[in-house]
Amino acid sequence: MNIASPKLSAASKMPCKSWSLPAWDTCPGARDDNGEPVPACQHCYALQGRYTFGAVKAVRDHNLEDWRSEGWAEAMVKHIGKSKLFRWFDSGDVYDPELAALILYVIRETPNCRHWLPTRAYKDEKILPILRLMQEESNAAVRFSSDSVTGEELTFEEWSSTIIASKEDFVPGKGRVLCTAYKRKGKCGNCRACFDRRINVVSYIQHGNKVKADKFMSALV
């Protein structure tokens, strides 16, 4: 068996590194019953722009194979080290129960790091119980993503996110925040709301162009 060598990403928007997979290939929750992308995923940024560059794709393709390698979880713990923040999946998702279990291990072994994991994998009955265990960890903000682009929320969830068309559509309230990255050219700046378990719902303003259907379909080949 190969020895793990995980590759981390440093997306310019975020204040920390992340670990990612190829978008769509590992996003079963992004599909509706007909196999088409759900509304929120029709504008997937991870199928556009710099994510289409060869070097960027190579990192995610490597990770798709590498996470099954011997010692991957331990290697991830070492990579995270003394980092205070870590994001899972700036592209891709928790598509496999075994991967979910390994991520849970990493979260537990890095208690001084706050982990943010946005996901639609809660739709998978085999993965959901492991996500629930992650949510029990005090250093993890595992947010279930709504499929909506009109602000519809997952009202049955303690931690979630949704997409709205503009800042005027944001409904303020306790435990609710609007992502203000739009004020900083797409960067998080000093905001850490997504990592904060005290925040129940994060609303993101829709960005990116609608991805053509043939691009989604080619990703399945």
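View 1. The protein chain has a mean pLDDT of 91, with 93% of its residues at 70 or more; pLDDT is the predictor's confidence in each residue, from 0 to 100. This is a predicted model, so to speak: local features need pLDDT of at least 70, side-chain atom pairs count only at pLDDT 80 or more, and totals for chains, interfaces and linings use all residues. Residues are numbered from 1 along each chain as its sequence is written, and side-chain values use heavy atoms, with hydrogens and water left out. Contact means heavy atoms within 4.5 Å. Where pLDDT is low, the predicted coordinates should not be read in detail.

**View 2. Trp 19 meets Trp 72.** The structure holds nine aromatic pairs. For these, rings of Phe, Tyr and Trp (its six-membered ring) pair if their centres lie within 6.5 Å, and planes under 30 degrees apart count as stacked, over 60 as edge-to-face and the rest as tilted. Trp 19 and Trp 72 make an edge-to-face pair, because their ring centres are 5.1 Å apart and their planes sit at 65°. Trp 19 belongs to strand S1 (residues 18–19) and Trp 72 to helix H2 (residues 72–80), so the pair ties together parts that are 53 residues apart in sequence. Helices (H or I, at least four residues) and strands (E, at least two) are DSSP runs, numbered from the N terminus. Buried or exposed, what is Trp 19? Trp 19 is buried, at 0% relative accessibility, and Trp 72 is buried too, at 1%. Here buried means under 20% relative accessible area, exposed over 50%, and partly exposed in between (1.4 Å probe, protein chains only). Ring pairs also link Trp 19 and Trp 72 with Phe 86, Trp 88 and Phe 89 into a cluster.

**View 3. A stacked pair, Tyr 122 on Phe 144.** These two rings are 4.7 Å centre to centre with 15° between the planes, and the pair is stacked. Tyr 122 sits in the loop between strand S3 (114–119) and helix H4 (128–135), while Phe 144 is in strand S4 (residues 140–145), 22 residues apart. Tyr 122 is buried at 12% relative accessible area, and Phe 144 is buried at 0%.

**View 4. Two arginines over tryptophan rings.** A charge sits over a ring if NZ of Lys or CZ of Arg is within 6 Å of the ring centre and within 35 degrees of the ring normal. Arg 31 lies over the face of Trp 24, 4.5 Å from the ring centre. Elsewhere, the charged end of Arg 87 sits over the ring of Trp 116, at 4.2 Å from its centre.

**View 5. Inside the largest nonpolar core.** A nonpolar core is a set of buried Ala, Val, Leu, Ile, Met, Phe, Trp, Tyr and Cys residues joined through side-chain atoms within 4.5 Å. The largest one has 31 residues, and Trp 19, Trp 72, Trp 88, Phe 89, Ile 103 and Met 134 touch the most other members. H2, strand S2 (85–88), helix H3 (97–109), H4 and S4 each give two or more residues to this core. Which element gives the largest share? That would be H3, with six residues. Leaving out residues up to four places away in sequence, Met 134 touches Ala 100, Ile 103, Leu 104, Ile 107, Leu 117, Ala 140 and Val 142. There is also a second, separate core of 15 residues, which includes Leu 85, Cys 179, Ala 181 and Tyr 204.

**View 6. Trp 159, buried in a loop.** Trp 159 lies in the loop between S4 and strand S5 (160–164), and is buried, with 8% relative accessible area. Its C-alpha is 6.8 Å from that of Val 142, though the two are 17 residues apart along the chain. Beyond four places in sequence, Trp 159 touches Gln 135, Val 142, Arg 143, Phe 144, Arg 197, Ile 199 and Asn 200.

**View 7. Cysteines without disulfides.** A search of the whole structure finds zero disulfides, a disulfide being a pair of cysteine sulfur atoms within 2.5 Å. For Cys 44, the nearest cysteine sulfur is that of Cys 41, 6.3 Å away. Cys 113 has the sulfur of Cys 16 as its nearest, at 7.4 Å, and Cys 113 is buried at 2% relative accessibility.
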